[in-house]
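Keep the sequence and the coordinates side by side while reading.

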Amino acid sequence: MITKKNIFYIHIGYWILILLIDFSRIIRVHFGIGTVLTILLELLLNIVVIYSNIYLIEGIKKVRLKIFYSITLVIICSIFHAYSSIFIREFVSNHSFMGDVKYVYDSKIDFLLNRSFAYLFSFILFLGMYQTTKYVNSIAKYKILEKRSHENAINILKNQVNPHFLMNTLNNIYASVVEKAPQGGQMILQLSSLLRKSYEFIKLPLITIEEEIDYLRNYVELEKIRLSQKITIELNVQVDDLQKKIPPMILLTYVENAFKHGLSELTNEGFLNMDIVLIDTNFHFNIENSKNTTFKKNDYLGSGINNTRKLLDILYKDQYLLVIKDTNKEYKLTLNIQL
């Protein structure tokens with residue numbers, strides 16, 4: 001993976017190369033203070049406009065409009081760049097102490113077209129370098145994702161990501177079989193389905209959001225049988241593309257945590273509300289649940305939550321936001337990921 005430091009060096013090298021090309025092209029015509037200043041000011045202009053252009057394009061999240069807006073922005077920026085170049089040259093030319101600037105235009109129209117196409121060429125060249133570094137990093141990131149997801153799936157089965165998940169569930173089944181044999185049998189079937197899916201997910205670095213939602217629903221159904229009717233559970237799904245992929249069982253930690261540390265400890269009625277939303281590439285997961293007022297806040301932040309946070313750091317780095325709010329009566333967690 002190309003580090004941020006190396007990306008910085010690549011960008012610096014690119015602009016030094018552009019500067020050297022400009023100098024080698026102009027020095028044969030005329031060399032003076034005005035010429036040097038013109039080249040440096042136009043380079044600074046190029047840097048500001050191109051990075052602003054890239055920033056604005058990257059800020060467009062709706063895929064359907066991205067191409068149209070991108071083309072429009074590039075055209076606007078090229079025109080702005082051309083007129084700014086005219087201003088720079090006229091400014092330098094009007095200051096005699098800088099020397100006679102020979103590198104000027106003969107026709108303003110020709111110059112505008114020349115600088116617009118020059119900007120477009122420079123932008124396309126820069127965009128090629130920019131996208132290449134992103135592509136190289138995405139390949140490296142996918143390899144890390146594949147490796148870490150495999151390790152994460154194995155850790156789940158070893159009770160490292162979801163502490164005591166299997167043990168607690170089996171104990172719950174045992175208790176249910178003793179007290180209510182029919183429900184215990186259904187819980188065994190639900191657990192069998194979960195284990196089968198877990199085994200399938202071990203081999204996959206990514207699964208679809210649809211598969212993740214189905215897995216969560218099966219787990220919630222298993223817990224509903226155990227907790228009987230005292231818990232009100234809602235799962236709201238608003239997903240543009242159910243085939244969009246995420247790491248397997250990345251949400252399970254938070255749902256299991258809500259049952260284990262919150263709902264299971266209640267002596268009266270409680271609630272669990274979950275929202276799963278995907279709009280374009282913006283993935284949003286929200287979970288809220290009631291809890292026992294005597295439960296300590298720190299009890300919620302077990303190794304499962306911490307391990308999942310580390311996994312998110314590795315897979316999504318600066319592209320996710322995890323917010324946890326823990327009060328005396330309820331627990332709320334919000335996860336936003338830029339997929």
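Is isoleucine 213 buried or exposed? Isoleucine 213 is buried, because its relative accessible area is 4%, where buried means under 20% relative accessible area, exposed over 50% and partly exposed in between, with a 1.4 Å probe and protein chains only. The model is a predicted one, in which local features need pLDDT of at least 70 and side-chain atom pairs count only at pLDDT 80 or more, while totals for chains, interfaces and linings use all residues. Residues are numbered from 1 along each chain as its sequence is written, and side-chain values use heavy atoms, with hydrogens and water left out.

Isoleucine 213 sits in helix α7, where helices (H or I, at least four residues) and strands (E, at least two) are DSSP runs numbered from the N terminus. Leaving aside neighbours within four places in sequence, isoleucine 213 is in contact with Leu235, Val237, Val239, Leu242 and Ile276, contact meaning heavy atoms within 4.5 Å. Leucine 252 is 39 residues from isoleucine 213 in sequence, and their C-alpha atoms are 9.7 Å apart in space.

Helix α7 itself covers residues 209-227, and its 19 residues reach 26 Å from the first C-alpha to the last, close to the 27 Å expected at 1.5 Å a residue; the expected span is 1.5 Å times one less than the number of residues. Its buried residues include Ile209, Glu212, Tyr215, Leu216, Tyr219 and Val220. An α-helix has 3.6 residues a turn, so residues three or four places apart point the same way.

The next topic is the nonpolar cores, each a set of buried Ala, Val, Leu, Ile, Met, Phe, Trp, Tyr and Cys residues joined through side-chain atoms within 4.5 Å. The largest has 45 residues, of which Tyr254, Val255, Phe283, Phe285, Ile287 and Leu335 touch the most other members. Helix α7 gives the most to this core, with nine residues. A second, separate core of 22 residues includes Leu43, Val74, Phe123 and Phe126.

Valine 255, not counting residues up to four places away in sequence, touches Leu216, Tyr219, Val220, Met274, Phe285 and Ile287. Valine 255 is among the buried residues of helix α8, as are Leu252, Tyr254 and Phe259. Helix α8 (residues 252-261) is largely enclosed by the rest of the structure, because nine of its ten residues are buried.

Turning to the strands, serine 290 lies in β5 (residues 282-290) and counts as buried at 8% relative accessibility. A polar atom of the side chain of serine 290 lies 2.9 Å from the backbone nitrogen of phenylalanine 271. Strands β6 (residues 320-326) and β7 (residues 330-338) run antiparallel and are joined by seven bridges, where two strands pair if DSSP finds at least two bridges between them. A hairpin links β6 to β7 through three residues, and tyrosine 320 stands opposite isoleucine 337 in β7.

Elsewhere, alanine 118 belongs to helix α4 (residues 108-157) and is partly exposed, with a relative accessible area of 29%. Histidine 81 is 37 residues from alanine 118 in sequence, with 9.6 Å between their C-alpha atoms.

For the chain as a whole, there are nine helices and seven strands, and 42% of the 339 residues count as buried. Residues 24 or more positions apart account for 74% of the contacts with a separation of 6 or more. The chain exposes about 18,900 Å², of which carbon and sulfur atoms supply 61%, with areas from the Shrake-Rupley method with a 1.4 Å probe, and for residues only the protein chains shown counting as cover.

Conventions
A polar contact is a pair of N or O atoms within 3.5 Å; within protein, one must be able to donate a hydrogen and the other to accept it, and residues adjacent in sequence count only if both atoms are side-chain atoms.
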